[in-house]
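Student: Could you walk me through this structure with me, starting with the spaces inside and then moving on to the helices and the backbone?

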Amino acid sequence: MTLNLKKYANFTYLRKALLTHKKTWAAIIIVALTFIVADLCFPLPKPGRDSPYAMVVLARDGTPLRAFPDKDHIWRHAISLQEVSPYYVDALTQYEDRAYWWHPGVNPLALTRAAWQWLHNGKIVSGGSTITMQVARIIDPTPHTVRGKLKQIARALQLEAHYSKKEILTLYLNYAPMGGVLEGVEAASRAYLGKPASRLTHAEAALLTVLPQLPSILRPDRYPQRAQVARDKVIRRMDGNWSKDIIADALTEPVTAQVVREPLLAPLLALRMKQQARRSKNQQTVIQTTVDTAIQQTLETLLADRIRQLPPHVSMAAMVMDNATFEVLGYAGSADFSDRERFSDVDMVRAARSPGSALKPFLYAFALDEGLIHSESLLSDTPQSFSGYQPGNFQQNFSGPVSVSEALVKSLNVPAVEVLEQLGSSNFVSMLRRGGLKLEFPRGATPNLSVILGGAGAKLEDMVGAYSSLARKGMAAVPRMTPTAPRKEQRMMSEGAAFIVRDILETGGPVARAVEGNGSYRGIAWKTGTSFGFRDAWAVGVSNRYSIGVWVGRPDGTPNPGFFGANVAAPLLVDIFTAIPDGRNTSPAAPPATVSQEKICWPLGTRASEQPEKLCPLQRTAWILNGAAPPSFADRLKTASPIFTYFVDSQSGLRVAPECSKRPMDKLQAARWPSALEPWLDAGLRKVALPPAWATECAAIYNADESIKIVGLSDGEILHRASGKEVPKARLEIRGSQAEVSWMVNGHLVSSKLANQSQIIEFPEAGRYDITAFDAYGRYDRISVSVTK
């Protein structure tokens with residue numbers, strides 16, 4: 001029959017036609033209105049309203065790190081139709097509902113067949129349900145009765161009216177029961193097969209297709225044989241859709257499934273991502289991170305091996321960052337997430353703890369940039385007092401004259417405080433903050449000299465980002481934990497200062513390079529730190545590719561005597577660098593244009609080429625930044641010119657003075673060593689660097705005895721302090737000098753008096769006391785005594 005459109009264009013004719021078929025149209029309108037009213041009165045439940053998706057946190061390759069179920073403890077991971085393997089969609093529609101793409105929600109032929117089978121066999125043989133009807137039952141459960149089936153059919157029609165075919169199929173993909181607490185193909189694929197649904201094979205697609213029919217009976221982790229029989233039925237049903245070779249291969253593939261358990265990799269990072277999403281009211285159910293699965297597993301394995309060797313309650317934390325992308329590749333907030341005794345739920349990556357000496361590389365870098373030092377500047381590792389602050393070294397001994405390189409490599413405390421005094425504590429803290437490392441101080445506290453030895457708190461993640469500046473030409477990075485996080489970096493130090501400090505930590509500095517070549521080269525630059533009372537042990541380091549930090553301690557702050565950075569944190573740090581790909585550098589870096597090598601003089605600190613040989617008794621090879629060779633710091637104990645003049649007898653070479661000798665004499669100059677260091681010079685250096693002995697005719701005037709001696713206590717003597725008794729005291733005197741003598745106790749200058757006057761020393765606390773006496777001519781004596789309770 002040919003449709004005459006022109007007739008229907010005539011409104012009069014159209015009106016007559018409607019009137020002619022008014023009963024038919026009335027029926028249609030009544031049915032439509034009935035459907036609309038029913039739809040309004042009995043609206044579809046909204047999927048997801050009362051059944052939110054589980055949140056899953058993924059590694060960069062899609063591996064689940066940790067999943068957080070919904071309030072009913074259901075594992076359901078959101079997935080779109082495009083993200084599912086086409087093999088699964090093909091198997092599902094062909095096996096479950098061949099007519100899915102064209103029926104209106106119900107398949108009359110299938111329903112008729114199911115009804116006939118029910119009547120003929122007296123029991124339900126097949127349900128005749130379409131995928132749409134199964135979705136209807138998922139979102140609005142109904143009993144297995146005729147009434148329930150009718151309601152299911154009505155809901156299916158509603159679904160088709162409200163959603164497209166692709167949307168309905170997506171609902172099935174997300175909500176189909178898959179056994180136990182699993183719902184949806186993505187949750188089942190990850191739980192049973194350990195992979196996302198996008199990577200399913202033909203056989204795996206068939207397995208997950210049949211699973212919702214009897215999810216408890218066909219679970220592949222519990223009943224693999226049953227699951228295989230059902231899966232093979234699906235595979236054979238695909239004949240004509242899949243090639244015979246594919247079907248044959250799929251049938252030979254065994255059914256294997258891992259035990260369903262909660263994924264638990266980088267658990268504290270995953271929890272952190274969840275908390276951030278909740279705070280930002282982010283409704284996403286899948287959070288992608290930058291974590292590298294292999295590196296994370298390596299990190300957790302190394303921590304688990306080490307933690308077994310440590311006492312109870314001790315935990316560990318470690319973080320690995322890629323220097324090029326700022327991406328966090330490994331994140332372990334605690335050593336063993338299953339061990340509650342070790343405070344496993346406390347994330348020590350983001351806890352502020354005292355870094356001890358781990359801040360020293362930044363101090364020397366800032367001092368280099370400020371033109372205060374070069375790599376071999378002369379520093380005094382001797383007992384000293386800085387306005388009442390008397391730092392000691394970790395080893396409880398002193399080295400005397402040391403360079404910046406030696407002080408950094410040996411982590412000496414007194415030289416670091418000496419440099420900080422020149423730079424300024426507040427200035428140092430401000431420079432760190434400018435570079436992205438914000439220190440945390442106790443309420444009401446202000447920066448002071450103790451900050452360089454751990455007098456403030458820092459977070460491990462911030463320390464790792466700050467240390468990356470040593471490998472990134474002075475630019476510190478903010479660690480990124482998600483691919484969408486912005487790249488942020490700040491200038492921590494100059495490129496030249498970063499090179500010099502890194503080279504010292506990596507090779508020992510230019511002196512070590514010259515003496516040992518590459519024999520001491522470690523391939524990584526790292527520094528340790530130990531907080532007061534052995535509460536925190538740190539090791540942070542860099543290579544070309546990575547920045548890594550390690551913390552060891554008790555999260556509750558309880559001390560761990562004998563645990564320090566060098567013996568518990570550093571070995572783990574080195575193991576991490578060694579275990580991950582390209583962790584160590586193969587050769588030292590080349591210096592930038594702003595860095596050069598120069599010969600410098602001790603004690604003056606300036607270039608050897610600028611001084612006569614007599615004023616340069618000791619030469620060292622130094623890294624010089626921007627061509628600057630700053631002089632040594634001024635003497636802290638007395639004001640004096642760095643170069644002084646003296647006279648020697650022209651014939652004997654002994655020291656004389658015009659007022660005590662009439663013989664011909666020569667006028668000479670010498671570089672003055674800091675008075676705190678003169679007692680520490682060895683005999684050979686004293687002979688070269690200091691004036692000769694006094695001639696006989698001048699000895700009486702200038703007290704030319706070759707040495708002086710402290711009497712009253714012996715070196716190494718032990719004093720016992722009885723409980724409740726007076727504070728122990730000792731009267732000390734000097735033999736061998738008539739000049740003025742200065743007395744120092746543990747680096748603190750206590751008095752200056754004539755040698756014939758005795759000195760009373762008190763010992764108010766138990767511990768070690770280093771007592772030094774030196775006169776105006778550089779002669780000294782030093783003893784150490786111990787006081788016990």
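**Cavities, helix pairs and backbone**

Tutor: Sorted by class, the residues lining the second largest cavity comprise five nonpolar, three polar and no charged residues. Please keep in mind throughout that this is a predicted model.

Student: Which residues line the second largest cavity, and what is its volume?

Tutor: The second largest cavity has a volume of about 50 Å³, and its lining is made up of Thr382, Pro383, Ala676, Pro679, Trp680, Met744, Gly747 and Thr772.

Student: How many cavities of 30 Å³ or more does the structure hold?

Tutor: There are three cavities of 30 Å³ or more in the structure, and the largest cavity contains about 90 Å³ of space.

Student: OK, and what lines the largest cavity?

Tutor: The residues around the largest cavity are Leu378, Ser380, Gln384, Glu418, Ser632, Phe633, Ala634, Asp635, Arg636, Leu637, Pro674 and Ala676. By class, that lining of the largest cavity divides into six nonpolar, three polar and three charged residues. Ala676 is listed in the lining of the largest cavity and also in the lining of the second largest cavity.

Student: Switching to helices, at what angle do α6 and α8 pack?

Tutor: Helix α6, covering residues 131-139, packs against helix α8, covering residues 165-175, at an angle of about 55 degrees, and their axes are 9 Å apart. The two helices α6 and α8 are therefore oblique to each other, and α6 passes α8 in a left-handed crossing.

Student: Which residues make that contact of α6 and α8?

Tutor: From α6 the contact uses Ile131, Thr132, Gln134, Val135 and Ile138, while α8 contributes Lys165, Ile168, Leu169, Leu171, Tyr172 and Tyr175. In terms of class, the contact of α6 with α8 has eight nonpolar, two polar and one charged residues.

Student: What about α15 and α17, at what angle do they cross?

Tutor: The axes of α15 (residues 360-369) and α17 (residues 413-423) cross at roughly 45 degrees and come within 10 Å, which makes α15 oblique to α17. Here α15 passes α17 in a left-handed crossing. The contact is formed by Lys360, Leu363, Tyr364, Phe366 and Ala367 on the α15 side, and by Asn413, Pro415, Ala416, Val419, Leu420 and Leu423 on the α17 side. Its classes, for the contact of α15 with α17, are nine nonpolar, one polar and one charged.

Student: And is α11 roughly parallel or roughly antiparallel to α12?

Tutor: Helix α11 (residues 224-237) and helix α12 (residues 244-252) pack at an angle of about 180 degrees with their axes 10 Å apart, and that makes α11 roughly antiparallel to α12. Gln228, Arg231, Asp232, Ile235 and Arg236 of α11 meet Ile247, Ala250 and Leu251 of α12 in this contact. The contact of α11 with α12 has four nonpolar, one polar and three charged residues.

Student: Last topic, the backbone: which peptide bond is cis?

Tutor: The peptide bond from Trp602 to Pro603 is cis, and its omega is near 10 degrees. Pro603 sits in the loop between β17 (595-602) and β18 (618-625). As background, most peptide bonds are trans, and most residues other than glycine have a negative phi.

Student: Then which residue has a positive phi although it is not a glycine, and where is it?

Tutor: That residue is His313, whose phi is positive at about 75 degrees, and His313 is placed in the loop between α14 (293-307) and β6 (315-322).

Key: Residues numbered from 1 in each chain as written. Predicted model: local features only at pLDDT ≥ 70, side-chain atom pairs only at ≥ 80, totals over all residues. Heavy atoms only, no water. 1 Å grid on protein atoms, 1.4 Å probe; cavity = no way out; pocket = protein on both sides within 12 Å on 5 of 7 lines; lining within 4 Å. Points joined across faces, edges and corners; volume = space filled by probe spheres on them. Nonpolar A, V, L, I, M, F, W, Y, C, P; charged D, E, K, R; others polar. Axes fitted to C-alpha atoms, helices over the stretch in contact; angles between N-to-C directions. Helix = DSSP H or I, 4+ residues; strand = E, 2+ residues; numbered from the N terminus. Parallel < 35°, antiparallel > 145°, perpendicular 65-115°, else oblique. Left-handed = near helix turned anticlockwise from the far one by under 90°. Contact = heavy atoms within 4.5 Å.
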